[in-house]
Amino acid sequence: MLNIFQPDIGNEEIKEIDKTFKTNWTGKGKKVDELELNLSQHFEIEVNRVVTTNSCTEALFTVFEFIKEEIAEIKSKNEVILTPINFIGAANAIIKSGLKPVIVDINDSAFNISKVEDKINANTAAILITPYGGNPQVNVDNLFYFCRQKDILLISDNAISISTQYKGKNIAHYSDFSLYSFDSMKHVAIGDGGAIITPNNSTVDKIRKRLYMGLTSKSGLSSKKEEEWWEFDITKPSRRSIMNDITASIGIIQLKNLESKILRRKEIYEIYENNLKEMDEFKICVHEYSKKSKSSYYFFWIQFSSREKRNLVSKWLKSKDIFCTFRYFPITLVDGLKKYLNIRFDIKNSHEYAHKTLCLPLHSSLKNDEVEYIISTLKSLVESEEFKKLK
Ligand SMILES: Cc1ncc(COP(=O)(O)O)c(C=O)c1O
């Protein structure tokens, strides 16, 4: 089966893990510090503002809890604006933190949002944006400026947008908190892991404590105390959500090779684009901000005129060993979430596009003949009489 996403890992990663094994320390240590340093260089952000975690979901939970307890409560604001096209963990995190998710629509087939500024009110604590497919979803610099003026936090779930740039800068520069995933299908695939870019030094310290049981001081060998170095204190009861040196070792190599892997994704994206752009049976969705931005090329998606056509194509491709999906199944259609969501605005675009869109395989291990096979298999169905008869 050709996978839709897949990690691209090999001997270089194994060698790095081997080095870590020989240090006799596999927990959070020097390799995690090295990865945080390398990430800060990648984002061109001060090193102490990048904090690693054990997943992006945990990063989402930590950041929304922090916002609720240390910002929203003080300012008596409790609403977070987001679109239905979001990872389920983002909605879970907002709800579990005690904040209220307020749903706004996307405005076009490329899953951009616009006029989110019109949807705020005195209760808006934060806006969550989720760049779709690795492309900016809004004019991020304008929105960030607007949020600063209105005292609203801008959170960007950049899980699939590690190298995305807008106006020449990584989009991490255009939000208060940027969150990243290093799970097994992401650009930097380490098994499980994530990172948070925090707005400033005082915040980073609080976030680090939240990710490590609330501990305020180092104990054991790292303690500066002359005696009873095993004593400690905590700021508040918290979870343990840190990265370790084994996964960090994989991350160091994955990050080193990231740009070449993104170039390979771009090549594949362009093969799809060049071969499919003339097709009348579906359209390729160009995101609105492409001229001012650089993509991380995480999704290549096409849109049909109906849900029936999209579903027929996905089943046909699967029968030919090509696995496709749609990301992200709208949170507004998840039964277990519905009662928690505040739907004050029309959200028909999100549902319509979610039902007509299909993401095709895109990852750096795909070979050209595999991409050609996907294209010819897709064409063979959509050019058939059976398909053309469908509405
Ligand atoms: C946009 C987005 N946010 C968050 C996540 C969660 O990442 P993790 O698996 O690291 O928890 C994902 C994972 O697919 C994602 O695509």
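Which residues point one way from strand S1 (residues 50-53), and which the other way? In the predicted model described here, Val50 and Thr52 point to one side of S1, whereas Val51 and Thr53 point to the other, and all of these residues are buried. This arrangement can be set against the general rule that in a regular strand the side chains alternate between the two faces of the sheet. S1 pairs in the antiparallel sense with strand S9 (residues 194-197), the two being joined over four bridges, and within this pairing Val51 has Ile196 of S9 as its bridge partner.

When residues up to four places away in sequence are left out, Phe177 touches Val63, Ile155, Ile196, Ile197, Thr198 and Pro199. Phe177 counts as buried because 26 C-beta neighbours lie inside 10 Å, the threshold for this class being 20 or more. For Thr198, one of these contacts, the C-alpha atom is separated from that of Phe177 by 5.1 Å, although the two residues stand 21 residues apart along the chain.

The domain assignment of the protein gives domain 1, which spans residues 11-256, and domain 2, which spans residues 258-389. The centres of the two domains, taken over C-alpha atoms, are separated by 27 Å, and 39 residues of domain 1 are in contact with 38 residues of domain 2. On the side of domain 1 that touches domain 2, at least two residues are supplied by each of helix H4 (88-96), strand S3 (100-103), strand S6 (165-166) and H7. The largest share of this side, four residues, comes from S3. By class, the residues of domain 1 that form this side divide into 19 nonpolar, 15 polar and five charged.

Helix H7 (245-256), which contributes to the side of domain 1 that touches domain 2, also packs against helix H1 (residues 11-22), at an angle of about 140 degrees and with the axes of the two helices 8 Å apart. The crossing in which H1 passes H7 is right-handed. In this packing, Glu12, Glu13, Glu16, Ile17 and Thr20 of H1 meet Asp245, Ile246, Ser249, Ile250, Ile252 and Ile253 of H7. The contact of H1 with H7 is made up of five nonpolar, two polar and four charged residues.

A further sheet is formed by three strands in the order S10-S12-S13; this sheet is open, and its pairing is antiparallel. Strand S10 (283-284) and strand S13 (357-360) stand at the edges, each with a single partner strand, so that one side of each is left without a neighbour in the sheet. S10 is joined to strand S12 (residues 300-303) by two bridges, the two strands running antiparallel, and the bridge partner of Lys283 in S12 is Gln303.

Glu44, in the loop between helix H2 (30-43) and S1, has a positive phi of about 55 degrees although it is not a glycine. Glu44 is exposed, because 10 other C-beta atoms lie within 10 Å and the class extends to residues with 12 or fewer. A positive phi, in this case of about 45 degrees, is also found for Glu228, likewise not a glycine, which is placed in the loop between helix H6 (201-211) and H7. With 8 C-beta neighbours inside 10 Å, Glu228 counts as exposed.

The loop between S3 and strand S4 (124-129) holds Lys115, which is exposed, with 10 other C-beta atoms within 10 Å. Lys115 lies eleven residues from Val104 in sequence, and the C-alpha atoms of these residues are 9.7 Å apart in space. In the loop between helix H9 (307-319) and helix H10 (335-338), where Tyr328 has its place, the peptide bond from Arg327 to Tyr328 is cis, with omega near 0 degrees.

Methods. Residues are numbered from 1 along each chain as its sequence is written. This is a predicted model: local features need pLDDT of at least 70, side-chain atom pairs count only at pLDDT 80 or more; totals for chains, interfaces and linings use all residues. Two strands pair if DSSP finds at least two bridges between them. Domain bounds come from an automatic or database domain assignment. Two residues are in contact if their C-beta atoms, placed from the backbone, lie within 7 Å. Ala, Val, Leu, Ile, Met, Phe, Trp, Tyr, Cys and Pro count as nonpolar, Asp, Glu, Lys and Arg as charged, and the others, Gly among them, as polar. Axes are lines fitted to C-alpha atoms, for helices over the stretch in contact, and angles run from 0 to 180 degrees between N-to-C directions. A crossing is left-handed if the near helix is turned anticlockwise from the far one by less than a right angle, and right-handed if clockwise.
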